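Thanks, everyone. Please have the structure open.

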Amino acid sequence: MLTTTVEKIQSEREQRIQHRVIKKVAVLGAGIMGSRIAMHFANIGVPVILLDIAPNELTSEEVAAGLTLDSPQVRNRIVNKLFNEALKSSPSPIYEESLTNLIELGNFTDDLSKISSCDWILEAVVERLDIKQSLFAEVEKYRKPGTLVTSNTSGIPIRMMTQGRSDDFNRHFCGTHFFNPPRYLALLEIIPTSYTDPEVVRFLMYYGDRFLGKKTVLAKDTPAFIANRVGIYAIMDLLHLVKKYGLTVEEVDALTGPVIGNPRSATFRTLDVVGLDTAVKVAKGLYDNCPQDERRELFNLPDYIQKMVDMQMWGDKTAQGFYKKVKSQTGKSEIYALDFNTFEYRPQAKVKIPILEQLKPLENLEDRIKTLAQGTDKYSEFMREATYGLLAYVSFRIPEIADELYKIDNALKAGFGWAMGPFEKWDVLGVAPTVEAMEKAGFGVAPWVKDMLAAGFSSFYTVQNGVRLYYDIPTKSYQEIPGTRDFIILDNLRAQKTLWQNNGCAIIDLGDGVLNVEFRTKMNTVGGEVIEGIHRAIDMAEKSYNGVVIGNQGENFSAGANLALILNLAIEQEFDELEYAVRMFQNVVMRVRYSGVPVVVAPHGLTLGGGCELTMHADIAQAAAETYIGLVEVGVGLIPAGGGTKELVLRMSDEYMKGDVEINALEHYLKIIATAKVATSALEAYKYNILRKGRDRVTINKDRLLSDAKSAVLELAEAGYVQPVPRKDIRVLGRTGLGAVHAFAYSMVYAGYATEYDRFIAEKVGYVMCGGDLSTPTLVSEQYLLDLEREVFLSLLGQKKTLERIQHMLQTGKPLRN
């Protein structure tokens, strides 16, 4: 009875949350954060009004043009400039450029009244309390009752912003702290005041997750909230330790990047991007506002950092920081690094650290962390001291900044891009032995950690029946992390739900009659083991399951085929084996398309070559918004031969039937393959028909990707899935199109976009797309095109320049233009 009552209350609460609809948003402040937040709302299809101040004086150009302060182009000059700067920034803050049409630009003086039509008003102006309070006083004149009002402040106390505002304003006011860049960093901290309506908090947590694709973390109104409080501590600690251990810029970044699960920008490159001045401002705020912090003195700047601040060596914004881009005598750009001893820039040096050489063969992050912790050189000592300091620090932040430890881990993973939070890393190292080692090194831990160990709990997290639990300090027990049942987390399922596996992939039971094929190869490349796993999963599903998801939770979905294997076979001239391998890959993508059960592919991150081809043959592709997908084979002197060329020809043929001009369509699709076009988001992939409008779907929150893919399988199964029939009605143009192919290929060379060998490959692609040397336009089958693309693929492997391109890609990770 109690369970039923709780479920009823939760259901009613969910309905109330979903009842609020965000039809339009106003973003006040068009600076670095404001413009990008506005664009992210546009990314999900929400119209936005973006406002900033109107100028109070004319530029010399405006004076010369005879303009006045009342001229329309002058009124919006500031917002236009800031918006366009954001739009041109890299990486792009917008999924697809046409989405900017959803954003209306204006200024506070002329257009603030337009916020009356908005359902959410988000403030992102300069970090000054008096300016924010003044703006909110104006906002209250125009907002309709019940409208959400939030601030994107990164440090000003939320409770101080709405003094003097009405009860309705205060009940609907909250902090919403996005991280820069908002499109790419998943964290959204929700910081309520004591007056904020709990339903508003629940809605913002829900909307941020479901619609904005964020990891929403409920934070307390404490200085810098959660992520910046701990993240800036970690950075400041490293800045102090650098001089102690005598390390270089390059050495620190090599030690604090991907090798320990942090972003490639590591420490100093991150500071250059964010701006040293910005980080210092947060650090100063923490020193001023956290008098009880046991590591408070750490937020004071080391002398060399103060010198950099004084000399405006702030990073990218001042064109020099820890790194600097300089022009060589030949005019080529080179990266220099700051020498802390001379305070001069010198050519960036290659790092040679023995412990890192030991870590290179270790693909598993946990293995690398354990091995690094056992090192005995100064680099290991440096990392150990930094790690011990961080673990001690987060233990003392509970309950100051969060009541639950998982919130700290979630905030740092989503806001700083760490693969593991500090408590997760502590579990990997072993809580009890690490506490002992920390105390020997002079680092104390919070009493609750020792109480946890004394009570018989040996880790901060555990998994029971496929559900992840965290240690709850007040109850001294493991509790379920709220909301995690909505997600499919393969880490939690592998131990008990793996039904079959080989060295390259595994089949995992997702429940409700849905199987998942998880790739486990390096960079999730597709080879014989993965092909075997896909066939096996479909065989199992056709006998006794509802369908199959092909998806994983690695950094990327798949980098494509195993190029090293292809190169070795080609060098040995094992063309029979190559022909067999290509045929097997074609067979598996066709099995995905024409199986007796629904198969949904869930791409994310890099989805290139064979990964793209697999995606294109799914019944439904359930793509993460951040999917970078394309047929890139021409970059290594080949053509897509895993059904990719065939599939684009099929989709091109369907456009012919809709009345598109055939030659124009041919050139459009030829360009996609011949230029190795990679869509920079799932929404852009629709433009290239790599994803199909009305069929394939997009998940904004990557954490929900496998859950959404599973739902798509069940939806197809419950609708009465019928096995499709292979197509035999694909219209190809033959010689009618070959002339256009040659003209396009030569135009690429003439314009300087392509080499002669690029032209040669483009003509090979066009040959397949036209169906070969057919005398007239003809209807052909999928198998006909598969045979043709396989034949051309194998012929290119006999070309020396193709082998050179493959070898160069394997050695450098970059395409060769030969």
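Start with helix α23, residues 528-544, and helix α25, residues 575-593. Their axes come within 10 Å and cross at roughly 30 degrees. An angle under 35 degrees counts as roughly parallel, so α23 and α25 are roughly parallel to each other. The crossing of α23 and α25 is left-handed. On the α23 side, the contact uses Ile 531, Ile 534, His 535, Ile 538, Asp 539 and Glu 542. Facing them on α25 are Met 584, Phe 585, Asn 587, Val 588, Arg 591 and Val 592. By class, this α23 and α25 contact has 7 nonpolar, 2 polar and 3 charged residues. One reminder before I move on: this is a predicted model.

Second pair. Helix α31 covers residues 735-750, and helix α32 covers residues 756-769. Their axes lie 9 Å apart, at an angle of about 160 degrees. Which way does α31 run relative to α32, parallel or antiparallel? Angles over 145 degrees count as roughly antiparallel, so α31 is roughly antiparallel to α32. The crossing of α31 and α32 is right-handed. From α31, the contact takes Leu 738, Val 741, His 742, Ala 745, Tyr 746 and Val 749. From α32 come Glu 756, Arg 759, Ala 762, Glu 763, Gly 766 and Tyr 767. The class count for α31 with α32 reads 7 nonpolar, 2 polar and 3 charged.

Now the cores. The largest nonpolar core holds 113 residues. Which of its residues touch the most other members? Phe 322 and Trp 448 do. Helix α10, residues 227-245, gives this core its largest share, 12 residues. Look at Trp 448 in detail. Beyond four places in sequence, Trp 448 touches Ser 395, Ile 398, Leu 405, Phe 423, Phe 460, Tyr 471 and Ile 473. There is also a second, separate core, of 63 residues. Among its members are Leu 638, Ile 639, Tyr 688 and Val 768.

Two of those names come back with Phe 793. Phe 793 sits in helix α33, residues 782-796. Is Phe 793 buried or exposed? Its relative accessibility is 7%, and the cut-off for buried is under 20%, so Phe 793 counts as buried. Take Val 582: it is 211 residues from Phe 793 along the chain, yet their C-alpha atoms are separated by 8.8 Å.

Next, Val 282, in helix α13, residues 276-289. Val 282 has 18% relative accessibility, so it counts as buried. Setting aside neighbours within four places, Val 282 is in contact with Ala 224 and Ile 232. Asn 228 is 54 residues away from Val 282 along the chain, with 7.9 Å between the two C-alpha atoms.

Last stop, a strand. Thr 176 belongs to strand β6, residues 173-178. Its relative accessible area is 0%, so Thr 176 is buried. What does Thr 176 touch, beyond four places in sequence? The list is Trp 120, Leu 122, Thr 150, Ser 151, Asn 152, Leu 188, Glu 189, Ile 190, Ile 191 and Leu 204.

That's the tour. Over to you.

Note on methods
Residues numbered from 1 in each chain as written. Predicted model: local features only at pLDDT ≥ 70, side-chain atom pairs only at ≥ 80, totals over all residues. Heavy atoms only, no water. Core = buried A, V, L, I, M, F, W, Y, C linked by side-chain atoms within 4.5 Å. Buried < 20%, exposed > 50% of the residue type's maximum accessible area, 1.4 Å probe, protein only. Helix = DSSP H or I, 4+ residues; strand = E, 2+ residues; numbered from the N terminus. Contact = heavy atoms within 4.5 Å. Axes fitted to C-alpha atoms, helices over the stretch in contact; angles between N-to-C directions. Parallel < 35°, antiparallel > 145°, perpendicular 65-115°, else oblique. Left-handed = near helix turned anticlockwise from the far one by under 90°. Nonpolar A, V, L, I, M, F, W, Y, C, P; charged D, E, K, R; others polar.
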